Amino acid sequence: MGRLKQNRRGERRFLREGTKPCTGGGTGFIGTALTQLLKARGHEVMLVSRKPGPDRITWDELDTSGLPHCDAAVNLAGENILNPLRRWNESFQKEVLNSRLETTQILARAINKALQPPQAWVLVTGVAYYQPSLTAEYDEDSPGGDFDFFSNLVTKWEAAARLPGESTRQVVVRSGVVLGREGGAIRHMLLPFRLGLGGPIGPGHQFFPWIHIRDLAGILAHAVEASHVQGVLNGVAPASATTNAEFAKAFGAALGRPAFIPLPSMVVQAVFGRERAIMLLEGQKVVPRRTLATGYQYSFPELGAALKEVVA
């Protein structure tokens, strides 16, 4: 029997006893944070992964046997685009594309065929949907998705998730750079910044849309639980005007280290390839207008407090 509850922030949540979300990619950086949060809120989480185990179903089992009973489905699966150990060639581009599209299509097919489909279907994509700009401001209704490899990837990704009809509530969260001590961008930046060798990437004046891992997990849990949430949400902090140089300065301050040595654009392009380097050398000013309108309250709306928690 469904019932409305209030959490300690006063947000209204739609909960069911024994609610069981199924989460694809639930063992990664974001998935681990989301699973911990959902379990802390009393949910039983079923993971969809490559390897079998307790409270798990494999992607092959899901594709052949269908979706087990679950009240919500979430997909976080996808190869790390900014893996510096992988060359940006045609083979890796296909891997990046297929790791997102195939898992999303498998879950979407399973939901569509389920006799009792889940109440909510939540997909995490990225703000690469919006075109980099030094002047434009993007909210969830802004156009995009058609100007380079990454924006087209997001368009295909979100299209793969789309379900016919309205029996399942559909939510897409376009995430910014995720800040957390267990992984993401911070893991690669921590050592040089601790050594006082950090600084802005390239020119530094590009926007840097970010979000704390606790807030991204919180938005996803909010999307799972709250029956009024649907459509696109921007998974970024409200401090949308942060530039890369401001981020570097704040990160250095959180560590008590200087942060004025820039990483030249040529080095970034040499490591990541010219096309992939755009994700680091250019940025977008993205605002979470609809996310805030749904009633989500951020734990870390400001960069300084977010970074202090990350490095504590």
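**Entry 1: Trp59 and the cores**

Leaving aside neighbours within four places in sequence, which residues is Trp59 in contact with? I looked this up in a predicted model, where local features need pLDDT of at least 70, side-chain atom pairs count only at pLDDT 80 or more, and totals for chains, interfaces and linings use all residues. Residues are numbered from 1 along each chain as its sequence is written, and side-chain values use heavy atoms, with hydrogens and water left out.

Taking contact as heavy atoms within 4.5 Å, I found that Trp59 is in contact with Gly24, Gly25, Val48, Ser49, Arg50, Asn75, Ala77, Thr103, Ile106 and Leu107.

I then turned to the nonpolar cores, each a set of buried Ala, Val, Leu, Ile, Met, Phe, Trp, Tyr and Cys residues joined through side-chain atoms within 4.5 Å; buried means under 20% relative accessible area, exposed over 50%, and partly exposed in between, with a 1.4 Å probe and protein chains only. The largest nonpolar core has 31 residues, of which Trp59, Leu62, Leu67, Trp88, Val96, Leu107 and Trp121 touch the most other members. Two or more residues come from each of strand S4 (46–49), helix H2 (59–65), helix H3 (90–113), strand S7 (120–126) and helix H4 (149–161), and H3 gives the most, with nine residues. I noted that helices (H or I, at least four residues) and strands (E, at least two) are DSSP runs, numbered from the N terminus. A second, separate core of 27 residues includes Val171, Ile211, Ala223 and Val229.

**Entry 2: two single residues**

I looked up Ala108, which lies in helix H3 and counts as buried because its relative accessibility is 7%. Leaving aside neighbours within four places in sequence, Ala108 is in contact with Trp121, Ala160, Ala161 and Leu163.

Ser133 is found in the loop between S7 and strand S8 (137–138), and at 15% relative accessibility Ser133 also counts as buried. Not counting residues up to four places away in sequence, Ser133 touches Tyr138, Phe207 and Gly283.

**Entry 3: H1 against H6**

At what angle do H1 and H6 pack? Helix H1 (residues 29–40) and helix H6 (residues 213–225) pack at about 60°, with their axes 9 Å apart; axes are lines fitted to C-alpha atoms, for helices over the stretch in contact, and angles run from 0 to 180 degrees between N-to-C directions. H1 and H6 are therefore oblique to each other, given that angles under 35 degrees count as roughly parallel, over 145 as roughly antiparallel, 65 to 115 as roughly perpendicular and the rest as oblique. The contact is made by Phe29, Ile30, Ala33, Leu34, Leu37 and Leu38 of H1 and by Ile213, Leu216, Ala217, Gly218, Leu220 and Ala221 of H6. By class I noted eleven nonpolar residues, one polar and no charged, where Ala, Val, Leu, Ile, Met, Phe, Trp, Tyr, Cys and Pro count as nonpolar, Asp, Glu, Lys and Arg as charged, and the others, Gly among them, as polar.

Helix H5 (residues 184–194) and helix H7 (residues 244–255) pack at an angle of about 65°, with their axes 10 Å apart, which makes H5 roughly perpendicular to H7. Ile186, Met189, Leu190, Phe193 and Arg194 in H5 meet Phe247, Ala248, Phe251, Gly252 and Leu255 in H7, and these divide into eight nonpolar, one polar and one charged.

Last, I looked up helix H11 (residues 303–311), whose buried residues are Leu303, Ala306, Leu307, Glu309, Val310 and Val311. What covers these buried residues includes strand S10 (177–180), H5, strand S11 (210–212), H6 and H7.
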